[in-house]
Amino acid sequence: MSNAIPKTGREQTREQQAAESAEAAKQETAVEKQPARGPLQTSRGVTTLDDAVVAKIAGMAAREVPGVYDMGSATRRAFSAVTDRIPNAQTNVTGGISVEKGETQTAVDVTVVVEYGASIVDVGNAIRRNIIEQVESTTGLEVVEVNVNVADVHLPQDDDDDNARTSSESNRSGELR
């Protein structure tokens, strides 16, 4: 036989409310204790980035490095040469950049043309450093790798050939008038 005094309805309700609020407090502290998965995921919401955002930042960072003449494969550079002649056309800064992005990390592949005489090792390391610094500081994503592919070396005589070709084309178009 139990000697306990039966509880009134009010007492039972108060105990039930206290137990519920204790459980809610436990759940709140458990949520607060869960580490944020990164600066883009907070307890107040999530910020998402398109791959194109990371690609643009990486493309600008790579172009800032001395010794980088151009970006992308020969096909992409030829296409850019055509689009550069269109008035009011925007430069495609994502050319030569490939991005794989997760929620908290990203990997970047870069294809560049290096100027003749520049150390490819130094240029590659500078590209890597600059992309990591810019992407991590502006997006909050951790850059796990930056792969640099040198597709070509730009020779000084290439400019002379281009200038001679351009002037002969303009002379020919003058003759056709």
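Author: Gladly! This is a predicted model, where local features need pLDDT of at least 70 and side-chain atom pairs count only at pLDDT 80 or more, while totals for chains, interfaces and linings use all residues. Residues are numbered from 1 along each chain as its sequence is written, and side-chain values use heavy atoms, leaving out hydrogens and water.

Reader: What makes up the protein, in helices and strands?

Author: There are five helices and six strands, in the order α-β-β-α-β-α-β-β-α-β-α from the N terminus. Both are DSSP runs numbered from the N terminus: helices are H or I with at least four residues, strands are E with at least two.

Reader: Why is Thr-139 called buried?

Author: Buried means under 20% relative accessible area, exposed over 50%, and partly exposed in between (1.4 Å probe, protein chains only). Thr-139 has 6% relative accessibility, so Thr-139 counts as buried.

Reader: Which residues of helix 2 are buried, and what puts them on the same side?

Author: They are Val-54, Ala-55, Ala-58, Gly-59, Ala-61 and Ala-62. These residues cover an arc of only 165° around the axis, so they lie on the same side of helix 2; the arc is that of the directions from the helix axis to the C-beta atoms.
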